[in-house]
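Q: Could you walk me through this structure? I have not seen it before.

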Amino acid sequence: MHLIGELSAVLATALFIFALYWMNDPKTARRGVIAGVTGMTVAVLATWIQPEIVHHGWIVAAIAAGFLVGVPLSQVPLTAVPQRTALSHAFGGLAAGLVGTAEYFLWLGENSAQLTPFRMSALVIEVILGFLTFTGSLMAAGKLQEVKWIPQRPVTYPGQNLVNLAVLALVLHPHAAWGGQAFIAIGALALVFGVLLIIPIGGADMPTVISILNAYAGLAAVAMGFVLNSKLLVTAGALDGSSGLILSIIMCRAMNRSFTNVLFGAFGKAQPAALKGEQKEWKQETVEGAAQLLEQARNVVIIPGYGMAVAQAQHKVRELYDQLKKRGINAKFAIHPVAGRMPGHMNVLLAEADIPYTDLVEMDEINAEMPQVDVALVVGANDVVNPAARYDKGSPIYGMPIIDADRARTVFAIKRSKNPGFAGIDNELYFSDKTFMLFGDAKAVVGELVKQLAGSSGMH
Ligand code: NAP
């Protein structure tokens, strides 16, 4: 039985590693999901057959509770996936915190000599990371969901980082002789710390923070693995923790921000209004005019952004792509690594609309072609095409790599208003000579463009 347990742990670990590897590519991503689910099933079955497990009813109850929460969670719209993910981390953190607390009191009750310094350290790390991930992730999910009583804007006050550090210092003092009350105090402080950590961060930075919390949840699982003496938990937690960390690093790089800037920088604070007196002219184009120019183009690049996700315009965009392709126009998509609100956001939406992966081109590759592009069609993107990122040192997005829409011959930009995007700043691309705005909801405007093109196709 023991051997089967060990073998299952190896098998499940291998499946988790393959799951992550396959998820790197849209072509194998589904296989990755199946591998992950199979790995988890193997892990549950291996636990089921452990000789120490006498009351299998608890496992059945846990599976039932998991389904009860998991099924509704799986049905949220794609735009709500970041907060959905935060909720999953919250549950993971809570589980780690509760298991750690239970183990501590079990050992304390049975024989406190079992609380060796090593175990005590693992327990305290597990409980701190678990509980702070729990409240931190709930706050993050609340901010993203725009829950009324949670402020979206960063809440800062003088000495905030000092207060946070002081709470952290209070928490970080493991000692076996402290007894149960001190242990409970550690858990409670960790819960408070989770809230304090997230309050100063603006709602817009939450996807990156959620990814950092993912890393914490993974580390909590590693500590839990040491506490429960489970190798599988240690490896699965390490995979979870490191992938969360790598993802946060990728996101920070793509936004040209540092970890400390995300965690302590209060990005997304209300920006001062644009300079008064400066005349900015937004030129508009009609759908008919835009359709005509698109028909005459040889190379068209579509640049999707968060607005395409909000409008759920991906299927209409696919129809537009089909119309262009039908005319022999070379149409491609420019994919910015942080377009939208989560990594891979655009890839997922465009894959949902069955757009061939071969026409989804990464930023660096497409930028080389932009000067030869006749029309760049910006669909609900803003910051990721803002040229100020290249030179304006005072801009919050300075240094962020962008898609060079401004280097195309003509730019059409679809958005609903003159409002800024995520970074809260104006975009000079929209006042440029070569840019023409198509104001309106992305789904409606792209739908109109498709209608125009479909209507005129008989004439060619
Ligand atoms: P963005 O800068 O937020 O701009 C999106 C634009 O879409 C807005 O200007 C908005 O203008 C427009 N829009 C919203 N709803 C629309 C609708 N229904 N129809 C048409 N347009 C609509 O988005 P982005 O260019 O994709 O850039 C992403 C930003 O998010 C970057 O600053 C990035 O750093 C940040 N971010 C991304 C991630 C990630 O992982 N992807 C994570 C954290 C932060 P109107 O209101 O006028 O319509």
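Predicted model: local features only at pLDDT ≥ 70, side-chain atom pairs only at ≥ 80, totals over all residues.

A: Residues are numbered from 1 along each chain as its sequence is written, and side-chain values use heavy atoms, with hydrogens and water left out.

Q: How many helices and strands does the protein chain have?
A: The protein chain has 17 helices and six strands. These are DSSP runs numbered from the N terminus, with helices being H or I of at least four residues and strands E of at least two.

Q: And what does the C-alpha trace span?
A: About 85 × 50 × 35 Å along the principal axes of the protein chain.

Q: What share of its residues count as buried?
A: Of 460 residues, 45% count as buried, meaning under 20% relative accessible area, with exposed being over 50% and partly exposed in between (1.4 Å probe, protein chains only).

Q: Moving to the ligand, how many residues surround it?
A: There are 31 residues around the ligand, and the closest are N382, D383, R416, S417 and F422. A residue counts as near if one of its heavy atoms lies within 4 Å.

Q: Which kinds of residues are in that shell?
A: The shell has 16 nonpolar, 10 polar and five charged residues. Ala, Val, Leu, Ile, Met, Phe, Trp, Tyr, Cys and Pro count as nonpolar, Asp, Glu, Lys and Arg as charged, and the others, Gly among them, as polar.

Q: Which helix gives the most to it?
A: That is α12, with four residues. Both α8 (206–228) and α12 (306–311) supply at least two residues each.

Q: What about polar contacts?
A: A polar contact here is a pair of N or O atoms within 3.5 Å. A polar side-chain atom of D383 lies 2.7 Å from a ligand oxygen atom, and a polar backbone atom of F422 is 3.0 Å from an oxygen atom of the ligand. A ligand nitrogen atom is 2.9 Å from an N or O atom in the side chain of D441.

Q: New topic: where is L78 found?
A: L78 is in the loop between α3 (56–74) and α4 (81–110).

Q: What does L78 contact beyond its sequence neighbours?
A: Leaving aside neighbours within four places in sequence, L78 is in contact with M342, H345, V348, L349 and E352, where contact means heavy atoms within 4.5 Å. The C-alpha atoms of L78 and V348 are separated by 8.8 Å, although the two residues are 270 residues apart along the chain.

Terms used. Polar contact = N/O pair within 3.5 Å; in protein donor to acceptor, adjacent residues only side chain to side chain.
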